[in-house]
Amino acid sequence: MAQAVLQGTFSLGVLPVPETGDLRIDLESWLTARAEAILAPGGRSVPPAPPEVVADLLTGYLSLATLGAAPLDPERLGAVVDAVLPAPR
């Protein structure tokens, strides 16, 4: 991931968080814009992440699950692993 950022092949760009006075709406709007950028063609063209980044991403997901904000069923966990550690082609 860091290599992709340094090489310029991965960049989230600058997208300021709106400031309407309603933090929840502002964050949802910002996340929606980010999701649209990720889902756009080329938005997921990131090389495999190093093990420490994979560990951080998985820990983040488990933190969300601990708060009750992410499911822990086997199918979802498999999808999370697939997302951060794609199978070799």
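R24 is exposed, with a relative accessible area of 61%. The value comes from a predicted model. E28 is partly exposed, at a relative accessible area of 44%. The side chains of R24 and E28 meet in a salt bridge, with an N to O distance of 4.0 Å. The structure holds 1 salt bridge. Both residues belong to helix 2, which spans residues 23-39. R24 and E28 lie 4 residues apart in this helix, so about one helical turn separates them.

Helix packing was examined next. Two packed helices are described by the angle between their axes and the distance between the axes. Helix 3 covers residues 51-66, and helix 4 covers residues 74-84. The axes of these helices come within 10 Å. They cross at roughly 150 degrees. Angles over 145 degrees count as roughly antiparallel. Helix 3 is therefore roughly antiparallel to helix 4. The crossing of helix 3 past helix 4 is right-handed.

Helix 3 contributes V54, L57, L58 and Y61. From helix 4, the residues in contact are R76, L77, V80 and V84. By class, the contact residues divide into 7 nonpolar and 1 charged, with no polar residue.

Definitions and conventions. Residues numbered from 1 in each chain as written. Predicted model: local features only at pLDDT ≥ 70, side-chain atom pairs only at ≥ 80, totals over all residues. Heavy atoms only, no water. Axes fitted to C-alpha atoms, helices over the stretch in contact; angles between N-to-C directions. Helix = DSSP H or I, 4+ residues; strand = E, 2+ residues; numbered from the N terminus. Parallel < 35°, antiparallel > 145°, perpendicular 65-115°, else oblique. Left-handed = near helix turned anticlockwise from the far one by under 90°. Contact = heavy atoms within 4.5 Å. Nonpolar A, V, L, I, M, F, W, Y, C, P; charged D, E, K, R; others polar. Buried < 20%, exposed > 50% of the residue type's maximum accessible area, 1.4 Å probe, protein only.
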